[in-house]
Amino acid sequence: MTIFSLDLIRAAAGQLSSHIIKTPLLSSPALDSLVGANVYVKAECLQKTGAFKIRGALFKMMSLTPQQQKNGVITYSAGNHGNAVSAASQVLRCSAVIVMPSDAPRIKQDNCRWWGAEIVLYDKHTQDREAVAAKLIAERGLTFIPPFDDHLVMAGQGTIGIEITDQLKALGKAPDSLILGCSGGGLAAGVITVINSRYPMTQCYLTEAQGYEKWALSLESGRPEKLKTLSPTIIDGIAGPSVGAKPFEVLRTKKLNCTVAAEHDVFVAMSAAFRHLKVVVEPGGAAALGVLIREKEKFRGQNVVVVCSGGNVDPDMFTKALDLGWAASTVGQ
């Protein structure tokens, strides 16, 4: 049985180094002025497949037996994890099936198909994605690649934390706060484990989509929660229904702050990222930055690290973000 640890994250970093991009830690004097803090944005929107998920998916799939790889893999995803599994399947030369909600952004569906994956759509309001995947596993003998509730996946995502600490060390900086989007918890568990090991005084913030505050609920109840009703949202990347049991066991021991991003927040952040950092960020990937901009008084004068986790956004949604967020993103300039 694989045990999640800092050593496992380091092992993941070694195995993945030739397959992923060491994404930059971006900063901008204009963004610093907007927020009133020193802001360092980990731009996972520039990662292969356009999001951080390739790290965890590939590390997990590297552990499969030759027979499992031959039979093929399956996962469920709003898009970025599915895209990552699709890309990893091409690296390892195995087939992949991706179960996606029917309202997943077109760009995310097309990206999976480009890698050669089979897409199976479901209605997230009337169907359970786990049941859809389980049926296909039983019929085809596929191996499930979890989006977040797996120690190897968590370790792969944690390699972001190793890069962040190395990049901050090179800058001679230490983070006062870390803000990142959180859905199932794999990214948060991995990155926060690394950050806490190097910077134990850093305040860590989990950002959830408005209407999907399952981590706040879980940390209060003391157990992983699953939402019973799901509201439509554009912040699809962090709008999964469930908290992962394995990430929860890691994160429940940490001192965490939960924050909520509304659609307006992500529009402002997407516009600010484009204007000041020259990067394209999707709504879920921009949520953490949106919270920082909205709550800038709380972070004034700090060194703040923000993980922008992905950049796979439909052109019409991105245009809308620029139109609605442009004016707000220039306040204080």
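Strands E3 (residues 73-76) and E4 (residues 96-101) pair in the parallel sense over four bridges, where pairing requires at least two DSSP bridges between two strands. Strands (E, at least two residues) and helices (H or I, at least four) are DSSP runs numbered from the N terminus. The model is predicted, so local features need pLDDT of at least 70 and side-chain atom pairs count only at pLDDT 80 or more, while totals for chains, interfaces and linings use all residues. Residues are numbered from 1 along each chain as its sequence is written, and side-chain values use heavy atoms, leaving out hydrogens and water.

Within this pairing, Val73 has Ala96 of E4 as its bridge partner.

Turning to the cysteines, a search of the whole structure finds zero disulfides, a disulfide being a pair of cysteine sulfur atoms within 2.5 Å. Cys182 is in no disulfide, and its nearest cysteine sulfur, that of Cys258, is 7.8 Å away. The sulfur of Cys308 lies 6.2 Å from the closest cysteine sulfur, in Cys45, which is too far for a bond. Cys182 is buried, with a relative accessible area of 2%, and Cys308 also counts as buried at 2% relative accessibility. Buried means under 20% relative accessible area, exposed over 50%, and partly exposed in between (1.4 Å probe, protein chains only).

Val280 is partly exposed, at a relative accessible area of 33%, and sits in the loop between helix H12 (263-277) and helix H13 (283-294).
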